Structures are given as C-alpha cells and as structure tokens.
Amino acid sequence: MNVYIAQPLDRPYRELEESRAYSIKRVKEFGHTVVDDYVRNETDAPRDAIITSLGTALINMGDVDAVYFIDDWKNNPRCRVLHKICEEYDIKIFDPRIYN
C-alpha cells in the first residue's frame, strides 16, 4: 500500500524531521511504501507558497492508497483540507494503531 504522510508544516525544521522520521518508520513496519514530498517549514510563508504546497500534496495523493495524518493536523488548515479530500474521495486514512 502506498501511504502519503500529511503533517502541519508550521513547526521548527527539527521537530518536523523527527516526527516525519518516526511516521515513515511506522508505515514501513507495516510493509507499506511512503509516497513522499519534501517537507519544508512554512512558518510565515506567504499564502501562495502554502497553497502551492497544498496543490503538490493533492497531486501526490492521487497516487496513494491511504494518507497518514500526523502531529496536530486537526488544527492546521492545509491538513484539514487534505482530510476532507480523503473523506470525499474515499481515500483511506492510515492509522498505525489499527492494522491497515
């Protein structure tokens, strides 16, 4: 199964990398493949950059079987949009607490 990792990008680079590394490890422990786009810190990024990253995420989501939402995704507008897309288009939400 191909899994895309969605996370808020408004944290310090080190926190993003640590959280993402752990999430990638968890996905691979289940024998799945991570479909990755490079995470960059969007703190104080102009709105256009954030919308562009959302577009890139949507393109990547077109080729996955599931999306894994990490960190405090519910409080991030970008992640909420991605989650809504999953709901509307029946893209599975990956939850490592439940074997997928």
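## Buried, and what that takes

A residue is buried when its relative accessible area is under 20%, exposed when that area is over 50%, and partly exposed in between, using a 1.4 Å probe and protein chains only. Ser19 has a relative accessible area of 17%, so Ser19 counts as buried.

The model here is predicted, so local features need pLDDT of at least 70 and side-chain atom pairs pLDDT 80 or more, while totals for chains, interfaces and linings use all residues. Residues are numbered from 1 along each chain as its sequence is written, and side-chain values use heavy atoms, with hydrogens and water left out.

## Around Ser19

You'll find Ser19 in helix H1 (residues 13-29); helices are DSSP runs of H or I with at least four residues, strands are runs of E with at least two, and both are numbered from the N terminus. Leaving aside residues up to four places away in sequence, Ser19 touches Gln7, Ile70 and Asp71, where contact means heavy atoms within 4.5 Å. Ser19 and Ile70 are 51 residues apart along the chain, yet their C-alpha atoms are separated by 7.9 Å.

## Aromatic pairs

Rings of Phe, Tyr and Trp (its six-membered ring) pair if their centres lie within 6.5 Å; planes under 30 degrees apart are stacked, over 60 edge-to-face, and the rest tilted. That rule gives three aromatic pairs. Tyr68 and Phe94 sit edge-to-face, 5.1 Å centre to centre with 65° between the planes. Tyr68 is in strand S3 (residues 66-69) and Phe94 in the segment after strand S4 (92-93), 26 residues apart. Tyr68 is buried at 8%, and Phe94 is buried at 2%.

Phe69 and Trp73 make a tilted pair, 4.9 Å centre to centre and 45° between the planes.
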